[in-house]
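Let us walk through this model one region at a time. Keep the sequence and the 3D view side by side.

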Amino acid sequence: MTEHTRLLGEVAPALEELSAEAARIREGEIAKPVREIAPLTLRTHELAMKCTQQVHDLSVSQYPAMKNGADNLAHLAGACAQISLAATLCNLAIHHRTDILLYEDADSTPATSRDQLRRAGVEMQRAATTYRAVARRLSRRLASFSARAEDRQLISEAQGPSPQKAPSAPPAPGARRRV
């Protein structure tokens, strides 16, 4: 869990850096959209893939059994979706800016692309807030002896034998449902 906490803590600064880059690009003329926006898009997609992999790794670990683990996992899954959305918005920014090459009635200004980049930055900031909060909570749990003991107990209970259900009696012959 220590390694996962470290990785969680690295995501928020990476998202803030990507968001700042989106803002910097948005302030420019966006004259060469593929050249200017594609590197941002690729790095955002790459981060989304890493985050999705980590959510998967956490989901198949003991993390969901820990206190608030399942809730935190759900928050992280939502943040992954926000990062993926941000990457898609960056792709749309490229597309909207290159529309002028294909369509006569396309917007010749970068206004639509700027709006897509703004929205991508907002999604990145929201995801960064989630990652920062989850990393902080997990770090606190790992630093607390009593919380670690509680988590070990919860994990032990989750791994323990499941209660056996009483075998159900077969239905009475007259109780069959007729179709």
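Start at Arg 126, which is partly exposed at a relative accessible area of 45%. The scale is simple: buried means under 20% relative accessible area, exposed means over 50%, and partly exposed lies in between, with a 1.4 Å probe and protein chains only. This is a predicted model, where local features need pLDDT of at least 70, side-chain atom pairs count only at pLDDT 80 or more, and totals for chains, interfaces and linings use all residues. Residues are numbered from 1 along each chain as its sequence is written, and side-chain values use heavy atoms, with hydrogens and water left out.

How far can the model be trusted, region by region? The predictor's confidence in each residue is pLDDT, from 0 to 100. The chain has a mean pLDDT of 84, and 84% of its residues reach 70 or more. Confidence is highest in helix 2 (residues 33-59), at a mean of 95. It is lowest in helix 5 (residues 145-159), at 69. Helices (H or I, at least four residues) are DSSP runs, numbered from the N terminus.

Side chains of opposite charge can pair when their charged atoms come close. A salt bridge here is a side-chain nitrogen of Lys or Arg within 4 Å of a carboxyl oxygen of Asp or Glu. By this rule the count is eight. One of them joins Arg 126 to Glu 123, with the closest N and O atoms 3.3 Å apart. Both residues sit in helix 4 (residues 111-143), three residues apart, so about one helical turn separates them. Glu 123 is buried, at 13% relative accessibility.

Helix 4 also holds Gln 125. This residue is partly exposed, with a relative accessible area of 32%.

Which residues does the salt-bridge network link? Glu 21, Arg 24 and Arg 43 make it up. Take Glu 21 and Arg 24 to begin with. Their closest N and O atoms are 3.9 Å apart. They are three residues apart in helix 1 (residues 2-27), so about one helical turn lies between them. Glu 21 is buried at 14%, whereas Arg 24 is exposed at 55%. Next comes the bridge from Glu 21 to Arg 43, with closest N and O atoms 2.0 Å apart. This pair links distant parts of the chain: Arg 43 is in helix 2, Glu 21 is in helix 1, and 22 residues separate them. Arg 43 is partly exposed, at 33%.

Move on to the empty space. Rolling a probe the size of a water molecule over the atoms shows where empty space is left. A pocket is an open set of points on a 1 Å grid over the protein atoms alone, where a 1.4 Å probe fits, with protein on both sides within 12 Å along at least five of seven lines; lining residues have an atom within 4 Å of a point. The largest pocket has a volume of about 160 Å³, taken as the space filled by probe spheres set on the points, which are joined across faces, edges and corners. It has 10 lining residues, and the closest to its centre are Leu 7, Val 11, Leu 47, Lys 50 and Gln 54. Helix 1 and helix 2 are the elements that give two or more residues to the lining.
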